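Subject: Structure for your files

Hello,

Please find the structure below. My notes on it follow.

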Amino acid sequence: MACFLVPTGEAIVTTVLAKAFKSKENAEASDNNISEEVHEAVASKIPFSKKLSWLNNMLWGGSALLAFEHVWHGEVVPWFPFLTAMEDPNEATAMLHEMSTVGVSMAVLVTVTWGIMVMVSDIIVKKQQTDAMKHLEPVEVRTDKKEM
């Protein structure tokens, strides 16, 4: 009925947060007087705003598909009150129950999946950094001075 509204609400919040983190990261990069691309390369890790954009894409995409499915089944209509369940108080109660159970569980599942993706990406980045460090040859520093 309206379960897609819960992940949509989460997507709105995370979109605002992603923009805030992105502008903060850009401000830090400009404070250091380097470009964003160089900052990302130097940091050699995935910025949090990028990770949050993964969650946004998952939430917005899933919400759009769910909304389309609800339109397809006639549960969402282009006239007020837009949700057919809002026309009858008994159905409104069922709609709120669906939102609080199905909608919340879908949003939580997507967020947990995103959290696993972030953990895996951090592990991959750390592994790449340690592999890169292993391939660097140690530089021998000479401390004795030869007289000429």
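A salt bridge here is a side-chain nitrogen of Lys or Arg within 4 Å of a carboxyl oxygen of Asp or Glu. This is a predicted model, in which local features need pLDDT of at least 70 and side-chain atom pairs count only at pLDDT 80 or more, while totals for chains, interfaces and linings use all residues. Residues are numbered from 1 along each chain as its sequence is written, and side-chain values use heavy atoms, with hydrogens and water left out.

Overall make-up

The protein has four helices and zero strands; helices (H or I, at least four residues) and strands (E, at least two) are DSSP runs, numbered from the N terminus. The order of elements from the N terminus is α-α-α-α. Of the 148 residues, 23% are buried, where buried means under 20% relative accessible area, exposed over 50%, and partly exposed in between (1.4 Å probe, protein chains only). The accessible surface is about 10,800 Å², with 68% of it belonging to carbon and sulfur atoms; areas come from the Shrake-Rupley method with a 1.4 Å probe, and for residues only the protein chains shown count as cover. Taking contacts (heavy atoms within 4.5 Å) between residues at least 6 apart in sequence, 79% join residues at least 24 apart.

Salt bridges

There are two salt bridges in the structure. Lysine 51 counts as buried because its relative accessibility is 9%, whereas aspartate 122, at 30%, counts as partly exposed.

Lysine 127 and aspartate 131 also form a salt bridge, at 3.3 Å from N to O. Both are in helix H4, four residues apart, so about one helical turn separates them. Lysine 127 is partly exposed at 49% relative accessibility, and aspartate 131 is partly exposed at 28%.

Packing of H1 and H4

Helix H1 (residues 5–31) packs against H4 at an angle of about 45°, and the axes are 7 Å apart. Axes are lines fitted to C-alpha atoms, for helices over the stretch in contact, and angles run from 0 to 180 degrees between N-to-C directions. H1 and H4 are therefore oblique to each other; angles under 35 degrees count as roughly parallel, over 145 as roughly antiparallel, 65 to 115 as roughly perpendicular and the rest as oblique. H1 contributes Leu5, Val6, Pro7 and Glu10 to the contact, and H4 contributes Met99, Gly103, Val104, Ala107 and Thr111.

Regards
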